[in-house]
Amino acid sequence: MKILVSVKRVIDYNVKVRVKPDQSAVDLTNVKMSMNPFCEIAVEEAIRLKEKGVASEVVVVSVGSKSCQETLRTAMALGADRAIQVEAEDGLDSLSVAKLIAKVAQEEAADLVIMGKQAIDSDNNQTGQMVAALLDYPQATFASEVVIENGEAQVTREIDGGLQTLAITLPAVVTTDLRLNEPRFASLPNIMKAKKKPLDVKTPADLGVEVGSNVSIVSVTPPPQRAGGIKVGSVAELVDKLKNEAKVVS
Amino acid sequence: MSVLIIAEHDNKSLKPATLNTVTAATQINADVHLLVAGFECQTVVEQASQVAGVTKVLVADNAAYEHQLAENVSKLIVEVADGYEHILAPATTTGKNTLPRVAALLNVAQLSDVIKVESADTFVRPIYAGNAIATVKTTDAVKVLTVRATGFDAAASTGGSAERQVLSQVIASDRSRFVKEQLAESDRPELTAANVIISGGRGMGNGDNFKLLEGIADKLGAAIGASRAAVDAGFVPNDLQVGQTGKTVAPDLYIAVGISGAIQHLAGMKDSKVIVAINKDEEAPIFQVADYGLVADLFDAVPELEKSL
Ligand SMILES: Cc1cc2nc3c(=O)[nH]c(=O)nc-3n(C[C@H](O)[C@H](O)[C@H](O)COP(=O)(O)OP(=O)(O)OC[C@H]3O[C@@H](n4cnc5c(N)ncnc54)[C@H](O)[C@@H]3O)c2cc1C
Ligand SMILES: Nc1ncnc2c1ncn2[C@@H]1O[C@H](COP(=O)(O)O)[C@@H](O)[C@H]1O
């Protein structure tokens, strides 16, 4: 079984985000970038499936400028076998990204596509579902457990009301939630080895996909700031404030 | 042109997030239609028909839609999409599961977590865990949006009298099968609809200690929430997680107990009206957003708070 995993290079989750003064975007100059945390979980899941003998090959794909090759190398250091960079400007919209990933999945004849549920920059939570729709594959989003058996994936999903289990026929798309696994760290020898693993570069034209979007950014602004609060000295003072000042407790 | 909303429900009742989505839809266009896709969901249809502002309810009642699988519901939506310029769903796990599929099938973009309608083609949504707010304009022929409930007031659940249209097409999903569900059962209000929420974090120490919060929740009629760390540690189930990748809440009162206040947690609760933080570390970032901060050991403060309410 072949697994395709998509990885996105995003601002590191620990970085404090700043908006550019011209309100055109978030300022990414000299900011630490990392693999999207949900993609780390996706890579980890694929590698575990390979270690269990369920998968025979793990291919990683990223859509973006040259710098996303760094993220692909990280994925290979973690255990992915080879990588594909689809060369495109960063910040392409989800539908274009989904078309490119869907095409790669088709060309690779991947049996399972594992993606993050959400990129922590755009917070879109949609690319995996779009890939599934474009390929007319079944999907299991927000996965917290994946079991592959008899050409099916049994996937436990984190939903608003609790947990739901679906059985989907392969080929299929799975998107990862936080509790699916705890990603490993890359060891130094593996980081060295990853430099020699194959990394192919393709363009949207190679894949026969036209990219573009009808969505444009009007502005990006900082969120409204909360007015600073106060520290109370005791539980009694807190209760008094809640009752008599904020009037949220009767 | 009318707006189509995909109703959020469990075959028994219409979920409140639908009402907030109706408000968003009325800001786009006065003619709002609701699609109820489910199985033996007649009571939902009744409720949907009474929502103020809804003029028509489309009903797809068939075993094929019982679990609202994204594969077939998205195809159903695309079949009825003709004539709608906007398709909306609440930004719940159901809406987020299905609407991107709809958008892809229609070859248009999908905008997630809309918190404000500027005009029929311009919408506001938070990005980067709410640390930036993007205003985006789309010229797509059909605008597909998920709507964050905390951004809009709820429409009145009664007062309307929508006409009904029964949809006869049955689209089955042969490659996706429902196996089982473990739904949390609680007598408390739903997290996303509660007026008061008390949440616990890693500082709670273990799952048993969450009982300390229950007494206060009982007295205040509150829902109980949690940070990711508390869920990851197995103290409480996943459906309690508040944050960037959990639930977004904006109650009148949010009490954070033993929660440090990471940006991913703040993303889910910082629009609450009044925020209280109880934490023994006076440097904890949660105090930067708290209206009332109490530096204390929660194991002393929480029982005392319960007694004094
Ligand atoms: C991709 C991604 C998504 C994420 N999504 C979410 C999300 O949706 N929601 C979310 O919450 N987090 C999310 N996180 C995790 C987030 O970054 C933090 O790790 C998490 O919120 C920390 O939880 P916490 O505050 O309970 O734990 P900690 O940060 O460990 O804080 C525990 C706090 O308890 C206090 N404490 C300890 N003992 C006591 C005591 N006896 N009395 C009083 N105070 C005490 C400590 O002083 C400390 O401040 C996400 C992270 C990533 C990378
Ligand atoms: N440019 C990209 N390159 C590779 N994968 C991506 C890209 N954008 C999104 N994805 C994948 O889609 C998932 C969900 O992203 P999003 O829908 O943007 O929140 C991410 O976790 C990635 O796995």
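How many helices and strands does the secondary structure of chain B come to? The count is 8 helices and 16 strands, where helices (H or I, at least four residues) and strands (E, at least two) are DSSP runs numbered from the N terminus.

Before going further, a word on the ground rules. This is a predicted model, in which local features need pLDDT of at least 70 and side-chain atom pairs count only at pLDDT 80 or more, while totals for chains, interfaces and linings use all residues. Residues are numbered from 1 along each chain as its sequence is written, chains are lettered from A in the order in which they are written, and side-chain values use heavy atoms, with hydrogens and water left out.

## Chain B as a whole

Along the principal axes, its C-alpha atoms fill a box of roughly 60 × 40 × 40 Å. Of the 309 residues in chain B, 58% are buried. Here buried means under 20% relative accessible area, exposed over 50%, and partly exposed in between (1.4 Å probe, protein chains only).

Among contacts in chain B with a separation of 6 or more, 65% are between residues 24 or more positions apart, a contact being heavy atoms within 4.5 Å.

## Residues that touch chain A

Let's start with Asp291(B), found in the loop between strand E15 (274–279) and strand E16 (292–295) of chain B. Its side chain makes a polar contact of 2.8 Å with the side chain of Arg226(A). Such a contact is a pair of N or O atoms within 3.5 Å; within protein, one must be able to donate a hydrogen and the other to accept it, and residues adjacent in sequence count only if both atoms are side-chain atoms. Not counting residues up to four places away in sequence, Asp291(B) touches residues including Gly229(A), Ile230(A) and Lys273(B).

Thr245(B) sits in the loop between helix H6 (228–232) and strand E14 (253–257) of chain B. Its side chain is joined to that of Gln241(B) by a polar contact of 3.3 Å. Leaving aside neighbours within four places in sequence, Thr245(B) is in contact with Phe38(A), Lys117(A), Gln118(A) and Leu178(A).

Thr138(B) belongs to strand E8 (residues 132–138) of chain B. The side chain of Thr138(B) reaches the backbone nitrogen of Asp140(B) at 3.0 Å. Beyond four places in sequence, the residues that Thr138(B) touches include Asn214(A) and Val215(A), as well as Leu111(B).

## Accessibility at a glance

| Residue | Relative accessible area | Class |
|---|---|---|
| Thr138(B) | 3% | buried |
| Thr245(B) | 15% | buried |
| Asp136(A) | 34% | partly exposed |
| Glu190(B) | 42% | partly exposed |
| Asn107(B) | 45% | partly exposed |

## Backbone details

Asp136(A) has a positive phi of about 55° although it is not a glycine, and lies in the loop between helix H4 (127–135) and strand E7 (139–149) of chain A. In chain B, Asn107(B) has a positive phi near 60° and is likewise a residue other than glycine. Finally, a cis peptide bond with omega about 0° joins Leu170(A) and Pro171(A).
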